Amino acid sequence: MNLTKLRDRVQPGEARVLLRNPVVLSLLVLLALFVSGNLVAPGFASYGSFVNTLRIAAFLGVIAAGQTIVILGGGEGIDLSVGKIATFSTVVVAQVSQGQDERLLLALLTALAYCGLIGLANGVGVAYLRIPPLVMTLGMVGVVTGIIRVYSGGQPEGRAPALLSQMVNATALGGVRGSVWIWLIVAAFTIWLLRRTTFGRRVYALGANREAAFLSGINVQRNLVLLYVASSLYAALGGVMLLGFAGAASINLADQYQLISIAAVVIGGTTLAGGVGGYLGTAVGAVVLQTMRNLLIVLDIPAAGRQVVNGVILIVLLSLYGRQRRLRQ
Amino acid sequence: MSAPERSSTSTLLDDARTWLLQGRLPVTTAIVLLLATLVVNLVVADNFLTAFNIRSIFANVIPLAAVAVGQTVIVLGRGIDLSLGVIATLSSVVTVSVVETRGLTAALLTGLATGAACGLVNGLLVAVVRLQPIVATFATSFVWSGLALYVLPPGTAAAPRMPDVVVQGYRGAFLGIPNAAWLLALIGASWLVLKRTRLLRHVYAVGGDEHAAFATGVRVGRVQVMTYVVGGTYAAFASFAMLANSGSADALAGGGLTLASIAALVIGGTRLSGGAGGAGGTIIGVLVLQLLTSVLVALRPPTDVRQLIDGLLVILALALAGLWAGRRRGR
């Protein structure tokens, strides 16, 4: 239906260009996932189910926003610590707030400050000590694991304040949950940040050609640090939202986002080499990944088979857009 | 009498300097780190030099060493394999499931074939389908772990076990040297042999500059595929050590090896962007990581801070190793 409409409106050449657009491609994949899901389990593509998918995808979407920024900045930029930082953020908010609404703001600011400091350490390591990002953020996973252990004594206490749970889970406007609205705000902010601000321009400049960025007067190292701080702040925010959803913190609540956030970025058409892509693709990528996960649950295959199918679908998704250029040109 | 002596020391210095500048600096850092951790261990751990302790250090180090050497080959060719630890898991559950019916030799061969086959798939995805290695191998890691769960569901009542001779042999000693140390030497020797092959020369060429390698007639794609096959085979070798160390297999073990292997090769001075480094340094890096852990075990810090100290020490080691790598590359 959508496709025929598209064909009517655009020239054949334009259609091809449109199909090369990763965001369009991801949207088509999303459509295919919902249609095939609906064939297997009627109701999979219903409005309620779609809204519910968005609700869960919001956490990945927010965390992957930081990942997008770091990857766009190039220089093999990648942040493997986002999952652990998000987990740390859930622990901090739960403990500082002790489940009391009036302490929520304090808890939120504390979590952002602590996680921002971790991002600062990542950035300093990458920009000034010149440690490869993959390794620096990987090492940071170990450190943050230790920090969580010290901070919580191995058993995180406290729980999500009722206000936070309400903000994340409440149904507002058309059955859409609070987490989706928060995500929409974050997404709009991120797209504005990347497209309309000096910082955003610099991110793309760093990713496209670091040498040229340096020669045109951009303070490469300081901006690199900012990338990693931003990534940690997004991860912290994602963690806070996840806490509102889960109700209580644990020492590995958000760890799974470590690598899946990278997958969301790549499926959304941002290249790991940096400089090309944007947040819109990542956001669609996050929804695609969450829909895929739901589909696997609906299919009701045993855990072993689910893992295999998960991997295979991921490979197929990556082959649609995550491909690199041929060596022979 | 004094004049020639002075000149000989100065040539010695010159030699040392050229040796360092030939890209040996990262490995030197790794050796210094190894010596430092050794000395600290000798000071803080009373039982460090006991036969039991040395034996268990070597026994624990083999799986990571094998995976890390495999990872090094892949990284040298400008790739990375995030599924290597899970390949080791898959290979171990496959090996242990056939060992009782088919016998040890056939089981080991099946395990090796499993590792190589997984590597082949990864290699084809990276070199032929041209997916980005980080995400492609992350995706296949789901496939391998799903297959491992299928072959040996966790909680199986009568889980198959390795023959006792393997388990005892792994902990035993030959000529007064622990068998696991011999195995480590074997891994090192396999690298020395591999390094002299045409494949590895091509791997270094591809890692250094793939366009130049392509232009000079190196079959870049085929070389890249082969690095993943070699990596998978080393992962299979790691799985044998895991099996021999614990006697049975666990479909959920092994995942942690992947990221540790990357840390080890960076500490060992291999450049993540490919083309520079080697598995000798990686093995040193693995030993450094293991010795850091044993320092912590000996110091018995409060359990809560142990993980934090461990993380900080690892990041410190990574930073020291990364410092040189970064310097050489310039800004």
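Predicted model: local features only at pLDDT ≥ 70, side-chain atom pairs only at ≥ 80, totals over all residues.
Colleague: What makes chain A agree with a compact globule?

Modeller: With 329 residues, a compact globule would have a radius of gyration near 20 Å. Chain A has 20 Å, so the value agrees with the rule. Along its principal axes, the C-alpha trace of chain A spans about 60 × 55 × 40 Å. Chain A holds 15 helices and 2 strands, and buried residues make up 53% of its 329 residues.

Colleague: Which residues of α5(A) and α12(A) meet, and how do they divide by class?

Modeller: From α5(A) the residues include V82(A), I85(A), T90(A) and V93(A). Their counterparts in α12(A) include S231(A), A235(A), G239(A) and L243(A). By class, this contact has 10 nonpolar, 7 polar and no charged residues.

Colleague: What makes α8(B) roughly perpendicular to α10(B)?

Modeller: The axes of α8(B), residues 198-208, and α10(B), residues 220-246, cross at roughly 110°. Angles of 65 to 115 degrees count as roughly perpendicular, and roughly 110° falls in that range, so the term applies to α8(B) and α10(B). The axes come within 10 Å, and α8(B) passes α10(B) in a left-handed crossing.

Colleague: Which residues form the contact of α8(B) with α10(B)?

Modeller: L199(B), H202(B), V203(B) and V206(B) in α8(B) meet V220(B), V223(B), Q224(B), M226(B) and T227(B) in α10(B). The residues of this contact divide into 6 nonpolar, 3 polar and no charged.

Colleague: How do you know whether A321(B) is buried or exposed?

Modeller: A residue is buried if 20 or more other C-beta atoms lie within 10 Å of its own. A321(B) has 28 other C-beta atoms within 10 Å, and therefore A321(B) is buried. A321(B) is found in helix α13 of chain B, residues 303-329. Leaving aside neighbours within four places in sequence, A321(B) is in contact with P26(B), T29(B), A30(B), V266(B), I267(B) and G269(B).

Colleague: How is the fold of chain B described in numbers?

Modeller: The secondary structure of chain B comes to 13 helices and 2 strands. Of the 331 residues of chain B, 51% count as buried. Among contacts in chain B with a separation of 6 or more, residues 24 or more positions apart account for 79%. The corresponding share in chain A is 76%.

Colleague: How many residues of each chain are in contact with the other, and which helices of chain A take part?

Modeller: In chain A, 42 residues are in contact with 43 residues of chain B. On the side of chain A that touches chain B, α7 (133-152), α13 (257-267) and α15 (303-321) of chain A each supply at least two residues. The residues of that side divide into 23 nonpolar, 14 polar and 5 charged.

Definitions and conventions:
Residues numbered from 1 in each chain as written. Chains lettered and ligands numbered in written order. Contact = placed C-beta atoms within 7 Å. Helix = DSSP H or I, 4+ residues; strand = E, 2+ residues; numbered from the N terminus. Nonpolar A, V, L, I, M, F, W, Y, C, P; charged D, E, K, R; others polar. Buried ≥ 20, exposed ≤ 12 C-beta atoms within 10 Å, placed from the backbone. Rg over C-alpha atoms; globule rule 2.2 N^0.38 Å. Axes fitted to C-alpha atoms, helices over the stretch in contact; angles between N-to-C directions. Parallel < 35°, antiparallel > 145°, perpendicular 65-115°, else oblique. Left-handed = near helix turned anticlockwise from the far one by under 90°.
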